[in-house]
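User: Please go through the structure below with me, so that each label is set against the value behind it.

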Amino acid sequence: MQLAVNIAVLAAIYALIACGYVLVYRVSRVLNLAHGELMMLGAYMLMVTAAQFSSYWPVAIIAAVGLSLLTGVLVYLFLMRKMTGEMVLAAVLTTVALGVLLRGVMVLVWSAQQQYPAQALGVANTSIALPGGARISFFSALLILTTALVYGSLLAFLRFGRWGIRMRAAGQSPLLAAQRGINLHAVYALAWGLSTLTGSLAGILLALDSGLDQTMAIIGLKAFPAALVGGLDSLVGALVGSLIVAAAEVLLIHYVDPLLSEVVPFLVLIAMLVVRPWGLFGTREELDRV
Amino acid sequence: MSRRPRASGYFRTGYAQDLKLVETRTERWSLGAFVVALLAFPFFASAFQLDLANQVFLASIGALALMLLTGYAGQISLGHAGLLAAGAFTAGILFKEVNAPIWVTLPAAAVVGALLGVVFGLPSLRLRGLYLAVSTLALHFLVVYLGGEYENKRGFSTGILIDAPTFGGWTISGGRTWYFILGTFAAATLLICLNLLRSGTGRAWAAIHAKETVAEALGIGVAAHKLLAFVVSSALTAVAGALFAYYRGFVSVEAFSLFLTIQYVAMIIIGGMGSLLGAILGAVFVTLFPYAIEAAIGALPGAQRYAGLLFAVNYAAFGVVMILFLVLEPLGLVGVWKRVQSYFLLWPFKHRPMSGSRR
């Protein structure tokens, strides 16, 4: 029972992070390898807002999430906009470089020590007993709820929202979308903003649950296989992929070797790339973009 | 490879002249002077400068290998650190388990590298671009995990110590000896790359890079040549890894993080894609960059305060430089060099005459 809860929590973490990869890739065909760092930045934003609104922790979280939305938009406007129309590889490497830069800056500003924003906000991370003898921490439960909420609203937004439809159109054919009067730069900026927002939500909740240090970016990278297994341009796929990766990771750690934790997602990734490179739910695109 | 004749016109009258690596008298003299300077360098340099030069040599072997794969054959790899780790661990494990001498471990590293090259290259038969990059990234994690597993299982959890290698009763140690050995290896790698690129194989790679379908139609075995590119590049990289292990006398998985891969990719980007000179320039730049930052910070007032933050400053500055090159100078250092060169060649004019009129 505890195993099932662990899988659910890990899957929720991966899913919340993976939808950021999916959003940016689906709209602009750029793989954002700085997503882990952006997510960590969101968590550090919480440290900043926690100092401002120390008595109301929901306010602090909302402020941090708002800041990270802004960060994502700014990243697009000042950096990635220059890379539109360049080779895809160049764009991907730009995100890698951005990740390196962010990591350096974050250590400079907040030091490399582990920090506990939950303490700064004065929230206790109580453990909730579930039927069946399993336990789940308060923030983990909140994380699962958030993931469900984010996926629900994102799916509805992409299906019915005016900007959501624009995003899908831009993803399908930038040229036609632009000719129909869709402002591509605005759509891309929105995608980056939303992606950073969801990523930092994950980062914030993780930091509240288990503290915050430099290893968080690795979790961000480990969520990437989840996105790819499900198909890089499918939100539902990201959800399923996260479940698969999380289940494989938890079960292998439990029954085989705890050291496997670092590689399991990538093993699943390799297996998937060999069998079905475009993922479970992804559209089978011409893989000829570089 | 479009090699523009570097003499003032096209004077080649035979195939032998076409194959010459050094064409004009000026080139011959400047190359000679460069070699003499390289040979004389260790007798004037301090131990620290020698160490820097050795690191540059090691990095250039790896960068040349990656350039061959990415810059010429057009196959993207984000698993370079994994291959370096494979070479280093081959040398380390053979040394620890069977006490193998260096003339066994280096070829063994090359063989392991070549085999891994097949493994890394197999996805390239099905995948292109982004997906290929991702698959090599995944393999990097796998190789590093296996290395870490070996360290843990055998009780070398802090890393494997390797004694200075002996070759025919002569122990290789000291910065100056290493300088000549690593320099020879780097020069040999450069020669191998130069010669490969002007052979049929190199032209096949260029064709695959330009357009796979057309290459296939021209009768080039695309699959075989892609695998070959991976095999050659990985073998060279693994040798670089093994040399790194011997030079440092120490192997540990921590040295082969994702950041190392990023550094090598940065070398070929900052140097300039599709140019061997670029690979070397990039290797020099990326290797010396952290030391330049350190020196710059040391010159600031209150330097001790920042000492603990040095690596963070390095990270940030490295990211900035990489972004600047990607956004502002996609041709890299070679692009800058070419522009300076043509400025002086064309002076007092600004632009090259229309292409075609000059050949």
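User: Does Asn99(B) count as buried or exposed, and how do you know?

Analyst: This is a predicted model, in which local features need pLDDT of at least 70 and side-chain atom pairs count only at pLDDT 80 or more, while totals for chains, interfaces and linings use all residues. Residues are numbered from 1 along each chain as its sequence is written, with chains lettered from A and ligands numbered from 1 in the order in which they are written. A residue is called buried if 20 or more other C-beta atoms, placed from the backbone, lie within 10 Å of its own, exposed if 12 or fewer do, and partly exposed in between. Asn99(B) has 9 C-beta neighbours inside 10 Å and therefore counts as exposed.

User: Where does Asn99(B) lie, and what is its phi?

Analyst: Asn99(B) belongs to the loop between H4 and helix H5 (102-121) of chain B, where helices (H or I, at least four residues) and strands (E, at least two) are DSSP runs numbered from the N terminus. Its phi is positive, about 55°, although Asn99(B) is not a glycine. Most residues other than glycine have a negative phi, and most peptide bonds are trans.

User: Why is Arg29(A) called partly exposed?

Analyst: Arg29(A) has 16 other C-beta atoms within 10 Å, and is therefore partly exposed. Arg29(A) sits in the loop between H1 and helix H2 (35-52) of chain A, and it too is a non-glycine residue with a positive phi, here about 60°.

User: Which peptide bond in chain B is cis, and what is its omega?

Analyst: The bond joining Trp347(B) and Pro348(B) is cis, with omega at about 5°. Pro348(B) is placed in the segment after H15 of chain B.

User: Is Gly92(B) buried or exposed, and what makes it so?

Analyst: Gly92(B), a residue of helix H4 (residues 80-98) of chain B, counts as buried because 28 C-beta neighbours fall inside 10 Å. Two residues are in contact if their C-beta atoms lie within 7 Å, and, leaving aside neighbours within four places in sequence, Gly92(B) is in contact with Ile160(B), Ile162(B), Ala245(B) and Val251(B).

User: Which residues of helix H8 (residues 200-210) of chain B are buried, and what covers them?

Analyst: The buried residues of H8(B) are Gly202(B), Ala204(B), Trp205(B), Ala207(B) and Ile208(B). Their cover includes helices H3 (47-72), H7 (175-197), H9 (212-217) and H10 (222-248) of chain B.

User: Are helices H11 and H15 of chain B parallel or oblique to each other, and how do you know?

Analyst: The axes, which are lines fitted to C-alpha atoms, for helices over the stretch in contact, with angles running from 0 to 180 degrees between N-to-C directions, cross at roughly 15° and come within 3 Å for H11(B) and helix H15 (residues 332-346) of chain B. Angles under 35 degrees count as roughly parallel, over 145 as roughly antiparallel, 65 to 115 as roughly perpendicular and the rest as oblique, and H11(B) and H15(B) are therefore roughly parallel. Ile269(B), Ile270(B) and Gly271(B) of H11(B) make the contact with Gly332(B), Leu333(B) and Val334(B) of H15(B).

User: Why are H1(A) and H6(A) called oblique?

Analyst: Helix H1 (residues 2-28) and helix H6 (residues 138-160) of chain A pack at an angle of about 40°, with axes 9 Å apart, and are therefore oblique to each other. Residues of H1(A) in the contact include Ala8(A), Ala12(A) and Cys19(A), and those of H6(A) include Ser140(A), Thr147(A) and Leu154(A).

User: How do you know whether each chain agrees with a compact globule?

Analyst: The radius of gyration is taken over C-alpha atoms, and the globule rule is 2.2 Å times the number of residues to the power 0.38. For the 359 residues of chain B a compact globule would have a value near 21 Å, and chain B, at 21 Å, therefore agrees. For the 290 residues of chain A the value would be near 19 Å, and chain A has 19 Å, which agrees. Chain B spans about 70 × 55 × 45 Å along the principal axes of its C-alpha trace, and chain A about 55 × 45 × 35 Å. Of the residues of chain B, 42% count as buried, while in chain A 50% do.
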